Amino acid sequence: MLLRSAAFCFIAMLAPLAARAELALSGFVQQNTAFNTVAANPDGRRYKWMEERAQIKLDATGGAWRALAKGDLAYDHLGRGNESELREGYVDYAAGNWDMRVGRQVITWGLGDLVFVNDVFPKDHEALFAGRPMEYLKRGVDALKLGAYPAFGSFELVVSPGFRESRIPDAQRFRLYDPMPALTNRETLKPNQGDVGLRAYRDVAGYDAALYLYRGFQRTPSMRPDSRTAPTKITFFYPELSVYGASLSGRAGEGVVSLEAAYYDSRQDRAGSDFAVPNSQTRLLAGYQIQPVEDFSLGFQYYAELMHDYAAYLAAQPAGFPIDKRWNHTLTLRATQMLMHQTLRLSLYASYNTSNGDHFINPELRYSFTDRVWGAIGANFFGDKPWGQFGQLSRDDNMYLQVRYEF
Amino acid sequence: MKRWWMLFAVALLPLQALALSGEEAMKKSQAAFLYPGKDFKTRVMMKLINKDGQERVRELTMLRKNAGEPGGDQKYFMYFFQPADVKDMSFMIYKYPAKDDDRWLFIPAINMVKRIAAQDKRSSFVGSDFTYEDVSGRDIEDDNHVIEREEKVGNRDCYVVKSTPKGTDADFGHKFTWVDKANFLPLKEEQYDKRGNRYKLFSADEVANIKGFPTPVKRTMKNLQTGHRTEVTYVKTDYDLGIEDSLFSERYLRQPPRKWVD
């Protein structure tokens, strides 16, 4: 229904433009399968993903206007059935020193490689863990984006009338940590208001510098039982959040350095004493990327999270709940080797949390059979403590295949 | 038109009189090959052909703007049409003669602009037989240049310049460039690997005069050791279009203006 009305709006917006627009049609068909290598899913299936998908992309340009629609028709064989969706659908208007984009769009902020400091926009974590192509890591937001480009800097304002959450892995397919598994009476409350973000960026002495402001909500839900002693119901909700951040990137020695920091202001629990709401945090990221030899690149990241009201957090945490450390340190590595005239790509991404041992490893081999057909084979390995971000998925290790024909 | 030719001839006179050094010849060659016009636009059609004749196509629009005189800073903007998995990708280079370039890549799949490390000069350009240096130039000061002899390529009189890298970072051991004595375009280049074996062969297969600038609109780079070659054709090539400096920015990397990339 949403897809249909969005498509209708899109066509209606397109009409005045259609007369003199240049139209381009492209897309792909794809098969994507991921199978478990360690254990079956909680629902008993042995596959994390099995679907066929076709994407149609329509791109129309006329003068200062442009319209784009990217729609997927998809069928899931693991019980979800029709998974068709409007991935993106927007209209652009570009003037001399400002522009705007209205509609469903993917927005990515910040510099991290699978580490998110200032990228406050919704993601699809399930897509990442189930071996789907990288573009499915991001979910579009329905928003108005205004860009202003005066001489002294560039500005991007994003206003969403409605909140869109990140997609977390499905508990039928992944073993998510659940402190109260017996409690099945559950509800989810989504914020009934939108969010707003502002990014300002410019060159500072050869470095790309940016400031980020966000006022909205956590994209992943928190859980609150209706009673701490004898709960009968769990409510999932998205706590209020503001983020104030900055980033800097530029050349350093032979490579590129990326620095990013953000303060996560947990507005719903500034004292840090509500166990159901994440504590306020500082997030820090330092990354370095180099290309030591032809067609081989290496990327390193150090990422840290600091909890602000740690004493209040410790005091508020219910007995039996896992205790996070005050500081969380994570190291990541990405190595990419291109071969055979860049038609074969071998890559490895590894993330290791030195504070709790949590880890995630994703090797992948991708080959372009022709200019139109490529395939990828890869694996997702998770490990450590059953309540860690990746540790809870330690029995969800999987191998995946992606094959795509593009037109 | 005639007057221009006169000027051209007069300008050349003192150069013909003085013996040209290898370095001067390569400087002039770089100016003629990589710096003509204030700015430049072309659609690049690349065919990557393996020794069995199988082809892959890379198609992009390339824009260039000079900051000042030949040999100075340049900005490049590239927008990819083919193959399908890189369609809508765009790529920007700020090129500085004396230090490493700054490079940015826009990845449409996740709508992200990334700065990428660029110190490796040997890297292949989009998987072709051309390296980044072959596309946007190699610093003249990185090699010693000597005019070895004079020779014809077809019916064109050329200087044959031998260039030997001063350091060890080059893709080749040494190379010979056949520089057209009249317009200073490199018409042919032979690269030798570090063991002295013939390695790569460049040829300017067709030169067209566009707005008064002789431009190699067809060129080939062949790897003699693997038999793989890359054929490049420039179409819709033009100079001095008044490309604004603002084009070379994150804004347009994310949303390339149609009028420049078509």
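In this predicted model, A:R224 stands opposite A:T235, a residue of β13(A). The two strands concerned, β12(A) and β13 (residues 234-237) of chain A, run antiparallel and are joined by 4 bridges. They belong to an open sheet of 3 strands, ordered β9-β13-β12 in chain A, with mixed pairing. At the edges stand β9 (186-189) and β12 (222-225) of chain A; each has a single partner strand, so one side of each is left without a neighbour in the sheet. On average, neighbouring strands of this sheet are turned by 25° against each other, direction ignored. Strands of a sheet pair through backbone hydrogen bonds, in a parallel or an antiparallel sense.

Further along chain A there are two hairpins to follow. Strand β18 (residues 327-339) of chain A runs antiparallel to strand β19 (residues 344-353) of chain A, and 10 bridges join them. Within this pair, A:Q337 faces A:L346 of β19(A) as its opposite residue. The hairpin formed by β18(A) and β19(A) has 4 residues between the strands, and A:M340 in the turn has a positive phi of about 50°. On to the next strand: β19(A) also pairs with strand β20 (residues 359-368) of chain A, in the antiparallel sense and over 9 bridges. Here the bridge partner of A:Y349 is A:N362 in β20(A). β19(A) and β20(A) again make a hairpin, with 5 residues between them, and A:G357 in its turn has a positive phi of about 85°.

In soluble globular proteins, nonpolar side chains tend to be buried together. The largest nonpolar core in this model has 21 residues, and those with the most contacts inside it are A:I107, A:W109, A:V120, A:F121, A:Y212, A:V243 and A:A262. Two or more residues each come from β7 (141-148), β11 (207-217), β14 (240-252) and β15 (255-265) of chain A. β11(A) gives the largest share of this core, 4 residues. Apart from this core lies another, of 17 residues, among them B:F77, B:V232, B:F248 and B:V261.

Chain B contains 5 helices and 13 strands. Its C-alpha trace spans about 55 × 45 × 35 Å along the principal axes. A compact globule of 262 residues would have a radius of gyration near 18 Å, and chain B agrees because it has 18 Å. Of the 262 residues in chain B, 34% are buried. Among contacts in this chain between residues at least 6 apart in sequence, 43% join residues at least 24 apart.

B:D262 lies in the segment after α5 (258-261) of chain B. B:D262 and B:T42 are 220 residues apart in sequence, while their C-alpha atoms are 9.2 Å apart in space.

Methods
Residues are numbered from 1 along each chain as its sequence is written. Chains are lettered from A and ligands numbered from 1 in the order in which they are written. This is a predicted model: local features need pLDDT of at least 70, side-chain atom pairs count only at pLDDT 80 or more; totals for chains, interfaces and linings use all residues. A nonpolar core is a set of buried Ala, Val, Leu, Ile, Met, Phe, Trp, Tyr and Cys residues joined through C-beta atoms within 7 Å. A residue is buried if 20 or more other C-beta atoms lie within 10 Å of its own, exposed if 12 or fewer, and partly exposed in between; C-beta atoms are placed from the backbone. The radius of gyration is taken over C-alpha atoms; the globule rule is 2.2 Å times the number of residues to the power 0.38. Two residues are in contact if their C-beta atoms, placed from the backbone, lie within 7 Å. Two strands pair if DSSP finds at least two bridges between them. Axes are lines fitted to C-alpha atoms, for helices over the stretch in contact, and angles run from 0 to 180 degrees between N-to-C directions.
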